[in-house]
Amino acid sequence: MPVTFPDGFLWGTATAAYQIEGAAREGGRTPSIWDTFSHTPGRTENGDTGDTACDHFHRRAEDVALMADLGVGAYRFSVSWPRVQPTGRGPAVQRGLDFYRGLVDDLLGRGIRPVLTLYHWDLPQELEDAGGWPERETAYRFAEYASLVAGALGDRVEMWTTLNEPWCSAFLGYGSGVHAPGRTDPVAALRAAHHLNLAHGLGASALRAALPARAQVSISLNPCEVRARSEDPADLDARRRIDALSTRVFTGPLLKGAYPADLLADTAGLTDWSFVRDGDLAAIHQRLDWLGVNYYSPTLVSGAEEGAPPADGGNGGHGITAHTPWPGADRVAFHQPPGERTEMGWTVDPSGLRDLLVRLGREFPGLPLVVTENGAACDDKVSADGSVHDPDRIAYLHGHLAAVRRAMEDGADVRGYLLWSFLDNFEWAYGYGKRFGIVHVDYESQARTPKSSARWYARVARSGELPDTRAE
Ligand code: FCB
C-alpha cells in the first residue's frame, strides 16, 4: 500500500545564503563570519570558501525555473545579513533587498511558496568584532535587521523563520570552534545560546509588529534524538545532559519561558547564568506558529569517567576536536550508532525522526511542526551519459518520509517537509566535497543536473504519495 500524505502538506526543498549565493563581494555585501573563517587557512577542507559557491546570486532565475520544472511547491532559503545590512547596523542596502524581492517574485510567479530564514549563520563580521553572539547587543542588532527585512518583504512572504539551528551557531561556533567564528570558550558558547534565544524573541516581536496578521513566525532547531547505550543510570544521565544541552536549552525558554533547572545545575561550575536579565525570558517566550525541525541522524551516548577521551562516535557526530561543543558534559561519551552511514559518517536511522517528532508533538501539544531540513550526502557520480543516479539518497528520503508519516499517525502535527538540499553546495567546514543536493552542481561550469532523486522527489511531492518501492 502506498503511503499517502494529507492534502495541503507542504513539500519543498531548502538551501542557505552562504552555501549557494557566491557573489561575496558584490552589491555592497561585506564579509560575514563565514567569509572570514573559510578564508583562514586550515578551517575548511581544501580551503574551500563560499566566494562563488553555486553562483546562485547570478543564476537565480535559472534555479527557480528548475525548481518549477520539478514541481515542488515550497522553497526555504535564507537572507544574507551582510548583503542586506553590511555592518549589522543602520539602513538596509537597496541592492541587497532587491535580490531577495526578485527571488521571491520569481518564486511566487512560478507558484512556489517562499519560506524565509533570516539567519543561517552568516553574522556580519563587524558584529563579531564587537563581541558576536556572546554579547547581548547582537540580539538587538538582529531584531533591527528582522524589521528591515520584514519591511521589504512582508507584503509577499508569509512563512518566516528567525534562526536556523542556534545550537550550531552557539556550540560549534563558540564551543568546539569547528564553525565560524571558531572560538573555543564554553562560557561564550552558553552566553551565545542565550543571546540567540533573545534574538529570536526580539526578532519574533519585531516581525509581528511589521508583518500582516496572516504571517507565520517560526524558528528551526536541530533537536538531538539522544539515545542511551543502556538503561544504566550513568547512561541515562548522559542522555539527560545532552538532551538539555542540545534541545531543552532552546525549547525551555522558547516554549516554556524558563531554562531547565538541570541545565543550570549541570553548567553551574562554568557560569551562574547572570547574563540572563530580568524580562529576558518573557521576551523569548513568544507564540510560534510552527516549529521547524532539522534532523539527520540520532546521537548515542553513555556515561564516562571525567576527562575520558571521546569514544568512537566523537563529539556527537560533530567531529573529534580538542574542544567540546558540550559544556558541562565531561562525563558523557559519544558512540557511533549502529547501521549504515552516509558520506558524512552519519548513521541512517529514520526511527530517530519519527521518535523526535512524536516527542515534540507530545511535549508541545497544539504546536504544528515542519521538517525544515532532512537529507543525505552521498558519493554521487556523473555517468558517461551525464546523468546522476543516487539510489542511496532515494532510499534515505523514502525511509525518512515514511517515518514522518508514521509520526503523524502517532499524533505529531507535521505540516510539511523541506528537503536538504535543492542544490549541492558549500557544506561549511567540509567544503564542496559533501554533496547533499537533489540537483548536481558542476562547480567548474556551474551546470545543474537533476539527479534521479530529484525526479523521484518531484513525483512524491506532486502526488502526495510515497511509492511502495524505491524505484526511480
Ligand atoms: C545543517 C545545516 C545546513 C546543512 C545541513 C547538512 O546543520 O543547517 O546548512 O549544512 O546541516
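Which strands form an open sheet, and in what order? Three are involved, β7, β9 and β10, in the order β7-β9-β10, and their pairing is mixed. Here two strands pair if DSSP finds at least two bridges between them. Helices (H or I, at least four residues) and strands (E, at least two) are DSSP runs, numbered from the N terminus.

The model is predicted: local features need pLDDT of at least 70, side-chain atom pairs count only at pLDDT 80 or more, and totals for chains, interfaces and linings use all residues. Residues are numbered from 1 along each chain as its sequence is written, and side-chain values use heavy atoms, with hydrogens and water left out.

Axes are lines fitted to C-alpha atoms, for helices over the stretch in contact; angles run from 0 to 180 degrees between N-to-C directions. Strand β9 (residues 299-303) pairs with β10 in the antiparallel sense over 4 bridges. Within this pairing, V301 stands opposite F334 of β10. Helix α10 (residues 233-256) packs on the sheet and touches β7, β9 and β10. Contact means heavy atoms within 4.5 Å. The direction of α10 makes about 130° with that of β9.

A second sheet is closed. Its 8 strands form a barrel in the order β2-β3-β4-β5-β6-β8-β11-β12, with parallel pairing. Strands β2 (residues 10-14) and β12 (residues 414-420) run parallel and are joined by 5 bridges. L10 has G416 of β12 as its bridge partner. Helix α5 (residues 94-109) packs on the sheet, where it touches β3 (74-78) and β4 (113-119). Its direction makes about 170° with that of β3.

The ligand site was examined next. Q19, H120, W121, N164, E165, Y296, E373, W420, E427, W428 and F436 are the residues around the ligand; a residue is near a molecule if one of its heavy atoms lies within 4 Å of it. By class, this shell has 5 nonpolar, 3 polar and 3 charged residues. Ala, Val, Leu, Ile, Met, Phe, Trp, Tyr, Cys and Pro count as nonpolar, Asp, Glu, Lys and Arg as charged, and the others, Gly among them, as polar.

A polar side-chain atom of Q19 lies 2.8 Å from a ligand oxygen atom. For E373, a side-chain N or O atom is 2.9 Å from an oxygen atom of the ligand. A polar side-chain atom of W428 also lies 2.9 Å from a ligand oxygen atom. Taken alone, the ligand exposes 290 Å², of which the protein buries 94%. Accessible areas come from the Shrake-Rupley method with a 1.4 Å probe.

Backbone geometry has several marked positions. The peptide bond from W420 to S421 is cis, with omega near 15°. W420 is one of the residues around the ligand, and S421 lies in the loop between β12 and β13 (439-441). The bond from A180 to P181 is cis, with omega near 5°. P181 sits in the loop between α8 (166-176) and α9 (186-210). D55 is not a glycine, yet has a positive phi of about 55°. Its place is the loop between α2 (33-38) and α3 (56-70).

Technical notes
A polar contact is a pair of N or O atoms within 3.5 Å; within protein, one must be able to donate a hydrogen and the other to accept it, and residues adjacent in sequence count only if both atoms are side-chain atoms.
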